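Please read these notes with the sequence and the model open.

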Amino acid sequence: MQFETLPGFREFYPESCARRNHVFGRWRRVAKAFNFLEYDAPVLEPLELYIEKSGEEIVGQLFNFEDRGGRAVALRPEMTPSLARLIGAKANSLKRPVKWFNIGEHYRYERPQKGRLRAFYQFNADIFGEPGPAADAELIALLCQTLQAFGLNASDFKVRLSDRDLWLLMLAAEGLDAASSARVLGIIDKLERTERSKTVEKLAAELGDEAEAFLERVEAATAIRDFDALRAYMENLPLEGDLASEARARMADWEDLLRHLKAAGAEDFMQIDLGIVRGLAYYTGFVFEAFEASGEGRALAGGGRYDALVKKLGGPDMPAVGFAMGDVTLVDLLDGKSLMPTYVQRPDFIAVIGGAPERDAALADAAQLRSVGYQVEYPLKTQGFGKQFKAANQSGARFALIYGGDELARGVVKVRDLGSGEEVEIARDQLLQQVPGLLEGGLS
Ligand code: HAM
């Protein structure tokens, strides 16, 4: 009987592992360039952590079960609730702003399809302790530079920017209370993926006869693409008193955010799009998602502000903003643009060994070379020279280290450049000193 992997789970043969590590390497490099610190958290968590905090959509996709101790547990579908707990527990001793990142596997019981699996990696980056738009800008800039680090540019991806605060103001202007607003936002979140008539039907449950006219106003808002139009739209809303001053303050935040993004070189990637609402329950302010510029495919990344979550998980009041980028849609996009390098791992040296005493010498030299970081291979079983040279040529190694009885007696090893066929002899006790020159300059 042959066992297969579970649907939506991947195996990583060395070549795929090298591709995966390329992605992880770039993620880590850019996060460090922004001075984010790496952290980690358990993959298995109490189920409770995700109920309510993450929102209905994710809870419906949990891998959850009862462990042998009778605890209700779940494989993590996302990092944010674990991270908010970690931060909450140490909030007072952490130097603010806290800028942390993680690369880890996450699990969602979704229908496996293009861009969506049941086990996938995310690069999470979050900032805690800074309420102003400078933190949102820092994260969006990190998101853009990360995608750029793979060779993607403004014709390849866009970051769609929206704001749940603005939506709440717009819905308040429509006379909706908080509970109704939350339900309506859920409907707006699915606008693009739902037939229009279905949307009107769902809105009618909240708004009655007003549903159609309301949807037209929502569509006018989601069609806005530049800041001047957004400002004009907000100025025309029938808001009074506190709500009117909140709206003005919020537009000042927008200006601040856009100025930061321009200065950080992210302007070309940005697209105002109030159609982005984000399905997760905890978002409170600016929200954003990165997509292929063509608009095709599932999101490359998503995030936003979640100022209430740390407190909700038992910590102090602590503003927070962050995003996560997935590996699946990213690699699909990079493959489509021929931006994934092909990695071939080859040894620097391969030993070709005469007999038993020579084998001991070869192993001793290999141990030395390996201890300082060179990649060294030798045959695990005794073979004739012919077979060994054939294997050496196929290995892709740069040099063969040839250990014969005669060389051993003279304290030398013969080094053959497997590209040119040239050979030199090097005293074995000089090998370590000679190797850097060999690798840089070859034998001549
Ligand atoms: P999310 O939008 O649910 O946000 O996921 C972020 C990214 O993870 C998506 O844009 C996508 O690239 C990837 N992703 C999600 N589900 C799957 C799947 N089934 N298969 C492949 N890739 C997937 C969050 O998870 C938030 N916790 C992000 C965040 C961090 N917000 C604040 N901090």
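**Notes on the ligand site and one loop**

1. By class, the shell around the ligand holds 12 nonpolar, 9 polar and 6 charged residues. Here Ala, Val, Leu, Ile, Met, Phe, Trp, Tyr, Cys and Pro count as nonpolar, Asp, Glu, Lys and Arg as charged, and the others, Gly among them, as polar.

2. This is a predicted model, in which local features need pLDDT of at least 70, side-chain atom pairs count only at pLDDT 80 or more, and totals for chains, interfaces and linings use all residues. Residues are numbered from 1 along each chain as its sequence is written, and side-chain values use heavy atoms, with hydrogens and water left out.

3. Of the 27 residues around the ligand, those that come nearest are Glu78, Thr80, Glu110, Asp126 and Tyr283. A residue is near a molecule if one of its heavy atoms lies within 4 Å of it.

4. A nitrogen atom of the ligand is 2.7 Å from an N or O atom in the Glu110 side chain. For Leu117, a polar backbone atom is 2.8 Å from a ligand nitrogen atom. For Gly326, a polar backbone atom is 3.3 Å from a ligand oxygen atom. The ligand taken alone exposes 660 Å², and the protein buries 96% of that (Shrake-Rupley method, 1.4 Å probe).

5. Elements giving two or more residues to the shell around the ligand are β6 (119–128), β10 (301–305), β11 (320–326) and α12 (327–336). Helices (H or I, at least four residues) and strands (E, at least two) are DSSP runs, numbered from the N terminus.

6. Gly355 sits in the loop between β12 (349–353) and α13 (356–371). Is Gly355 buried or partly exposed? Gly355 is partly exposed, because its relative accessible area is 24% (buried is under 20%, exposed over 50%, partly exposed in between; 1.4 Å probe, protein chains only). Gly355 and Phe385 are 30 residues apart in sequence and 9.9 Å apart in space, C-alpha to C-alpha.

Note on methods:
A polar contact is a pair of N or O atoms within 3.5 Å; within protein, one must be able to donate a hydrogen and the other to accept it, and residues adjacent in sequence count only if both atoms are side-chain atoms.
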